[in-house]
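Work through the exercises below with the model open. Try each task before reading its solution.

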Amino acid sequence: MRYLLDTHTLIWYSKNADELPHTVRNELINPRNILYVSSASFWEMTIKAGINKLDISLKKLYKHVEMAGILILQIEQDYLYKQLELPPIHKDPFDRLLIATAQAEKLTIITVDENIHRYDVSWVW
């Protein structure tokens, strides 16, 4: 499978947090799966860390991504165009960009966000 990690999924995976179900963790460590994270997730975390809404070391997180073999997707024009076509179900611009990215790249999003589940996108959790 090819998975796109939602921002909270990446954070919880990097911290080995209890919020991440064992079934999801098993998918994340399965060597047959290819994991992706959007550069938009790093942008979102930078903003939240800058206003003290998130306590995280971006350097450690980048190291975790590298060690885990997670591929970073840069924001492409096609993702932005797809985002414009999305219905206004979800107001969060970062999540809307993840949805558009997953649609464009035919990825399954790993997320607990029920608003994402309401879109025409493959998801698990």
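The model is predicted; local features need pLDDT of at least 70, side-chain atom pairs count only at pLDDT 80 or more, and totals for chains, interfaces and linings use all residues. Residues are numbered from 1 along each chain as its sequence is written, and side-chain values use heavy atoms, with hydrogens and water left out.

**Exercise 1. Two helices**

Task: Describe how helix 1 and helix 4 cross, and name the residues that meet.

Solution. Take the axes first (lines fitted to C-alpha atoms, for helices over the stretch in contact; angles run from 0 to 180 degrees between N-to-C directions). Those of helix 1 (residues 7-14) and helix 4 (residues 58-68) come within 10 Å and cross at roughly 85°. That makes the two helices roughly perpendicular (65 to 115 degrees). Now list the contacts (heavy atoms within 4.5 Å). Leu10, Tyr13 and Ser14 in helix 1 meet Leu61, His64, Val65 and Ala68 in helix 4.

**Exercise 2. The core**

Task: Which residues have the most contacts inside the largest nonpolar core?

Solution. Define the core: buried Ala, Val, Leu, Ile, Met, Phe, Trp, Tyr and Cys residues joined through side-chain atoms within 4.5 Å. The largest has 18 residues, and Leu5, Leu10, Leu28, Met45 and Ile70 have the most contacts inside it. Helix 1 gives the largest share of this core, three residues. Then follow Leu5: not counting residues up to four places away in sequence, its contacts include Leu10, Leu28, Ile70 and Ile110.

**Exercise 3. Positive phi**

Task: Where are Lys106 and Trp125 found, and how exposed are they?

Solution. Recall the background: most residues other than glycine have a negative phi. Lys106 has phi near 55°. Lys106 lies in the loop between helix 6 (93-105) and strand 4 (108-110). Its relative accessibility is 69%, so Lys106 counts as exposed. Trp125 has a positive phi of about 120°. Trp125 sits in the segment after strand 5 (123-124). Its relative accessible area is 28%, so Trp125 is partly exposed. The cut-offs are under 20% for buried, over 50% for exposed and in between for partly exposed (1.4 Å probe, protein chains only).

Technical notes. Helices (H or I, at least four residues) and strands (E, at least two) are DSSP runs, numbered from the N terminus. Angles under 35 degrees count as roughly parallel, over 145 as roughly antiparallel, 65 to 115 as roughly perpendicular and the rest as oblique.
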